[in-house]
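Reader: I'd like to learn how to read a model like this one, feature by feature. Could you walk me through it?

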Amino acid sequence: MVAGKSFPVCLVSWRDAVQLSRALAEMIRGSFSPDLVVAIGRGGFVPARIVCDSLMLSTLTSIRVEHWGVAARSLESATIRYPLSMPVRGMDVLVVDDVTDTGKTLEVAARYLREQSPACIRTAVLHHKTCSAFVPDYYVVSEESWRWIVYPWALHEDLAGFCESVMGGEPVSVDDLLSRLKERYDMVPTRRDVKSALRNLIHQGRVEPVGKRFLSKRAWD
């Protein structure tokens, strides 16, 4: 993410995330019966577990593909960080993640899994951004206009990054942060979540309290 760049951010609630995951399972039901579900860590852990629960599947494992950091910061390339711990030769495999953005994560995951000689691979996500170079087999929501999506399992991590990005070089209040997050990212987190993000930033040594205000310790131009 470029410092100072403005773009819309969508906060997904736990309730909506569960509903989307169940809707994804219903799309898969009757059209594909996987022998194994592979969650893409970390974003796919929760959706994959709910899909398995909805479809009464107990065969769930995961791999870790790293492409995005926190708060829309893209890493240089997508790589397999933690590979499969079991053979998938001859299996019908369903790969689950939360979102396709550039598509690199699922592209790399699918290529890696094909090398393990499964019978079939299908991919599924909650949100598919149409700008993605990779189109999954199943998705619940098609995102025609690009926006960064924050799922509840990444809320505090991402929100800490977004708060830090709008702090600037002077001490700011919680109200300042709420106003700047709305202005720059059109996001409206709760005061409680912003305070939690600040506690995390202080604990990590990235922010220091100044009275009732907070000062970022990152270098500012």
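Author: We will take helices, single residues, a pocket and some backbone features in turn.

Author: A word on the source comes before that: this is a predicted model, in which local features need pLDDT of at least 70 and side-chain atom pairs count only at pLDDT 80 or more, while totals for chains, interfaces and linings use all residues. Residues are numbered from 1 along each chain as its sequence is written, and side-chain values use heavy atoms, with hydrogens and water left out.

Reader: Which residues of α1 are buried?

Author: Buried means under 20% relative accessible area, exposed means over 50%, and partly exposed is in between, using a 1.4 Å probe and protein chains only. In α1 the buried residues are Ala17, Leu20, Ser21, Leu24, Ala25 and Ile28. Looking down the axis of α1, these buried residues fall within an arc of 145°, so they line one face of the helix. That arc is taken from the directions from the helix axis to the C-beta atoms.

Reader: And what do the buried residues of α1 pack against?

Author: Contact means heavy atoms within 4.5 Å. The buried residues of α1 pack against α2 (45–55), β5 (92–96), β7 (120–129) and β8 (138–143). After α1 comes Gly30, with a positive phi near 85°.

Reader: How many residues of α4 are buried?

Author: Helix α4 (residues 155–167) is mostly covered, with 11 of its 13 residues buried. Among them are Leu155, Leu159, Phe162, Val166 and Met167, and also Asp158 and Glu164. The partners of the buried residues of α4 are β1 (9–11), β9 (148–150), α5 (174–185), α6, β10 (207–210) and β11 (213–216). From first to last C-alpha, α4 reaches 18 Å, close to the 18 Å expected at 1.5 Å a residue. Just after α4, Gly168 has a positive phi of about 75°.

Reader: Now single residues. Is Phe32 buried or exposed?

Author: Phe32 is buried, with a relative accessible area of 8%, and lies in the loop between α1 and β2 (36–41). Leaving out residues up to four places away in sequence, Phe32 touches Asp92, Val93, Leu94, Cys120, Arg122 and Tyr138. Phe32 and Val93 are 61 residues apart in sequence, with their C-alpha atoms 9.5 Å apart in space.

Reader: What about Leu201 and Arg114: buried or exposed?

Author: Leu201, in helix α6 (residues 191–203), is buried at 0% relative accessible area. Beyond four places away in sequence, Leu201 touches Ala160, Cys163, Glu164, Arg206 and Val207. Arg114, by contrast, is exposed at 54% and lies in helix α3 (residues 104–114).

Reader: Which residues line the second largest pocket?

Author: On a 1 Å grid over the protein atoms alone, a cavity is a set of points where a 1.4 Å probe fits but cannot get out, whereas a pocket is an open set with protein on both sides within 12 Å along at least five of seven lines; lining residues have an atom within 4 Å of a point. The lining of the second largest pocket is Leu11, Val12, Ser13, Trp14, Val150, Tyr151, Pro152, Leu155, Val188, Pro189, Thr190 and Asp193. These residues divide into nine nonpolar, two polar and one charged. Ala, Val, Leu, Ile, Met, Phe, Trp, Tyr, Cys and Pro count as nonpolar, Asp, Glu, Lys and Arg as charged, and the others, Gly among them, as polar.

Reader: Last topic, the backbone. Which peptide bond is cis, with omega near 10°?

Author: Most residues other than glycine have a negative phi, and most peptide bonds are trans. Here the bond from Gly41 to Arg42 is cis, and Arg42 is in the loop between β2 and α2.

Reader: Where does Ser117 lie?

Author: Ser117 lies in the loop between α3 and β7, with a positive phi near 60°, and is partly exposed at 29% relative accessibility. Asp186, in the loop between α5 and α6, has a positive phi near 55° and is partly exposed at 46%.

Terms used:
Helices (H or I, at least four residues) and strands (E, at least two) are DSSP runs, numbered from the N terminus. The expected span of a helix is 1.5 Å times one less than its number of residues.
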